[in-house]
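Good morning, and thank you for joining this group meeting. Please look at the structure as I bring it up, and keep it in view while I speak.

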Amino acid sequence: MNYTIKQLSDLAGVSTRTLRFYDKLDLLKPEQMNASGYRIYGPKQVDLLQQILFFRELRFSLKEIRQMLFSPDFNRMDALTEQHRKLKNERQRLDQLIATVEKTLAAQKGEMTMTDHEKFEGLKKEMLDKNEKQYGKEIREKYGEETVNKSNEKFANLNKKDYEASVNIQNEMFQLLQEAMRIGDPASAPAQRAANLHKQWLGFFWSSYSKEAHAGLAQMYVDDPRFTKYYDNSVGKGAAKMLRDAVQIFTANT
C-alpha cells in the first residue's frame, strides 16, 4: 500500500515536518513524487520508518541511525533482535523502579515494612543498566563477560551502608581531584589520595583487584571520550587525565 506524506504521518504518529526533515537528510526518501509533486511512500519506506523510530526510541542519533541503516553489513533481523533485547531490559528496569516506588508508598502508609535492601534495589539496578548501556560493550571486550557479570552482581548485592559508602568515597575523590587540578601535579598528596580512594571505590564493584587492571581502567578514562566527558563534567576539564596520571603513579609506587 502506498501513502502520501500526510497519510504516513498519521499512520506513524510523527509530523509531516519530521518526514520532510528525514527526506532532507537522505534518511527516508519517498518512493516517488507523483504528477502533482506529492511525496508517495511505499512498503519499503514504511518498514524503514519503523526501523528509524525504533532506533530513536533507543536514543540513537539520526547520524548513527543513518550509518547503521545504510551500512552494507546492516541486517534487519539482527537489528530487530537486538532492539527486542534492549526493550525487554528497559521494561525490566522500569518494572523494578515501579516496584520500588510502590513499596515505598506502601511503607509510607504503614501497609508494609520496607527493608534497606529494597529501598536501594531499584536505584542500583538503574545505575547498572545505565552503565551497561553507555560502557558495557567496551568494558566487556576489555575485561570479559565473567568479570563484568561478577562486578555487576557484587554491586547489586551491596547493602545500604556499603552503597552509601561508595557514593561518599566517590564524592570525596572528586573533591580531591579538583584540588589536585588546581595544584597541577598528579604526584601531589591530593592526587595520590584521590587515586587511593578510586581504588577503594573499585572495591565495591570488582571481585578482585590488580594494579594493572586499575591502571588500565584509568587509561580508558582518557582513551574513551565518553568516560572523559563524564569526569570532565563531574569534576572539571582535564579530570580524567589527572586521575589517569595519578593512578599510574599510585600503582607504580604501591
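This is a predicted model: local features need pLDDT of at least 70, side-chain atom pairs count only at pLDDT 80 or more; totals for chains, interfaces and linings use all residues.

How much of the chain's 254 residues counts as buried? The figure is 37%, where buried means under 20% relative accessible area, exposed means over 50%, and partly exposed lies in between, with a 1.4 Å probe and protein chains only.

Residues are numbered from 1 along each chain as its sequence is written, and side-chain values use heavy atoms, with hydrogens and water left out.

The chain holds 12 helices and 3 strands; these are DSSP runs numbered from the N terminus, helices being H or I with at least four residues and strands E with at least two.

Let us turn to the aromatic rings. The whole structure contains 7 aromatic pairs. Rings of Phe, Tyr and Trp (its six-membered ring) pair if their centres lie within 6.5 Å; planes under 30 degrees apart count as stacked, over 60 as edge-to-face and the rest as tilted. For Phe-174 and Tyr-231, the ring centres are 6.0 Å apart and the planes stand at 85°, so this pair is edge-to-face. Phe-174 belongs to helix H8 (residues 160–183) and Tyr-231 to helix H11 (residues 225–234), so the pair ties together parts that are 57 residues apart in sequence. Both Phe-174 and Tyr-231 are buried.

Tyr-231 also pairs with Tyr-230: their centres are 5.3 Å apart and their planes are at 85°, so this pair is edge-to-face too. Is Tyr-230 buried or partly exposed? Its relative accessibility is 33%, so Tyr-230 counts as partly exposed, whereas Tyr-231 has a relative accessible area of 2%. Ring pairs join Phe-174, Tyr-221, Phe-227, Tyr-230 and Tyr-231 in a cluster.

Finally, consider how two helices meet. Packed helices are described by the angle and the distance between their axes. The axes of H1 (residues 5–12) and H2 (residues 16–24) come within 9 Å and cross at roughly 110°; axes are lines fitted to C-alpha atoms, for helices over the stretch in contact, with angles from 0 to 180 degrees between N-to-C directions. H1 is therefore roughly perpendicular to H2, a term that covers 65 to 115 degrees.

Conventions. Angles under 35 degrees count as roughly parallel, over 145 as roughly antiparallel, 65 to 115 as roughly perpendicular and the rest as oblique.
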